[in-house]
Amino acid sequence: MSEPVGQAGGPTVSGEPATAAELRRTFLFETFSAEQMDWLIAHSGVVALAEGESFLVEEEPVDALFVLLDGAIQVGRTVAGRELAMAGGDTPGTWAGWLPIFPDVSQVTARTTRPSRLLRI
């Protein structure tokens, strides 16, 4: 498994950039203006991950918000030494990661449950 892409220092963004049409299919970005969409595309990148790859690791530095474009993710937390699944989804627009209101350390572990493409902002 590769190093988690959500750690501070950033992942290697691979593949083709997201398109405005692709981003508009997500509930998060469907109402963005052309100007907002241009900004988002210019300040983000697409990360392609295999099934089971982590993009956030609990208690590790994080500096990005990840938005599911295609695939599926699961978010969990370690409780009493056991990993507890808290949420997940396969709907484009499902998100996990860092926002300025959160600490710079991830409070959860998030991984793909099938091959997935994520927008890293």
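This is a short tour of a predicted model, one selection at a time.

Residues are numbered from 1 along each chain as its sequence is written. Because the model is predicted, local features need pLDDT of at least 70 and side-chain atom pairs count only at pLDDT 80 or more, while totals for chains, interfaces and linings use all residues; side-chain values use heavy atoms, with hydrogens and water left out.

**The whole chain**

Show the chain as a cartoon. Two helices and six strands make up its secondary structure; helices (H or I, at least four residues) and strands (E, at least two) are DSSP runs, numbered from the N terminus. Read from the N terminus on, the order is α-α-β-β-β-β-β-β. The chain has 121 residues, and 39% of them count as buried (buried is under 20% relative accessible area, exposed over 50%, partly exposed in between, with a 1.4 Å probe and protein chains only). Contact means heavy atoms within 4.5 Å. Among contacts between residues at least 6 apart in sequence, 78% join residues at least 24 apart.

**Strand 6**

Select residues 109-120, which are strand 6. Which strands pair with strand 6, where pairing requires at least two bridges found by DSSP? Strand 1 (residues 45-49) runs antiparallel to strand 6 and is joined to it by five bridges. Select Ala-48 to find one partner in strand 6, Arg-117. Strand 2 (residues 54-56) is also antiparallel to strand 6, with two bridges. Strand 3 (residues 65-79) is joined to strand 6 by nine bridges, again antiparallel. One of the partners here is Arg-111, which pairs with Gln-74.

**Ala-110**

Now select Ala-110, in strand 6. Is Ala-110 buried or exposed? Ala-110 is buried, with a relative accessible area of 0%. In strand 2, Leu-56 has Ala-110 as its bridge partner. Val-75 also stands opposite Ala-110. Leaving aside neighbours within four places in sequence, Ala-110 is in contact with Glu-53, Ser-54, Phe-55, Leu-56, Gln-74 and Val-75.

**Strand 3 and its other partners**

Select residues 65-79, strand 3. Seven bridges join strand 3 to strand 4 (residues 82-89), and the two run antiparallel. Look at Gly-76, whose bridge partner in strand 4 is Ala-85. Strand 3 and strand 4 form a hairpin with two residues between the strands, where Ala-80 takes a positive phi near 55°. Strand 5 (residues 95-97) is antiparallel to strand 3 as well, joined by three bridges. Select Val-67 and look opposite, to Trp-95 in strand 5.

**An aromatic pair**

The structure holds two aromatic pairs. Rings of Phe, Tyr and Trp (its six-membered ring) pair if their centres lie within 6.5 Å; planes under 30 degrees apart count as stacked, over 60 as edge-to-face and the rest as tilted. Select Phe-29 and Phe-32, an edge-to-face pair with 5.1 Å centre to centre and 70° between the planes. Phe-29 is buried at a relative accessible area of 6%, whereas Phe-32 is partly exposed at 24%.

**The cavity lining**

Last, select Pro-17, Ala-18, Ile-41, Ser-44, Gly-45, Val-46 and Leu-119, which line the largest cavity. A cavity is a set of points, on a 1 Å grid over the protein atoms alone, where a 1.4 Å probe fits but cannot get out; lining residues have an atom within 4 Å of a point. The lining divides into five nonpolar residues, two polar and no charged (Ala, Val, Leu, Ile, Met, Phe, Trp, Tyr, Cys and Pro count as nonpolar, Asp, Glu, Lys and Arg as charged, and the others, Gly among them, as polar).

Conventions: 1 Å grid on protein atoms, 1.4 Å probe; cavity = no way out; pocket = protein on both sides within 12 Å on 5 of 7 lines; lining within 4 Å. Pairing = 2+ DSSP bridges.
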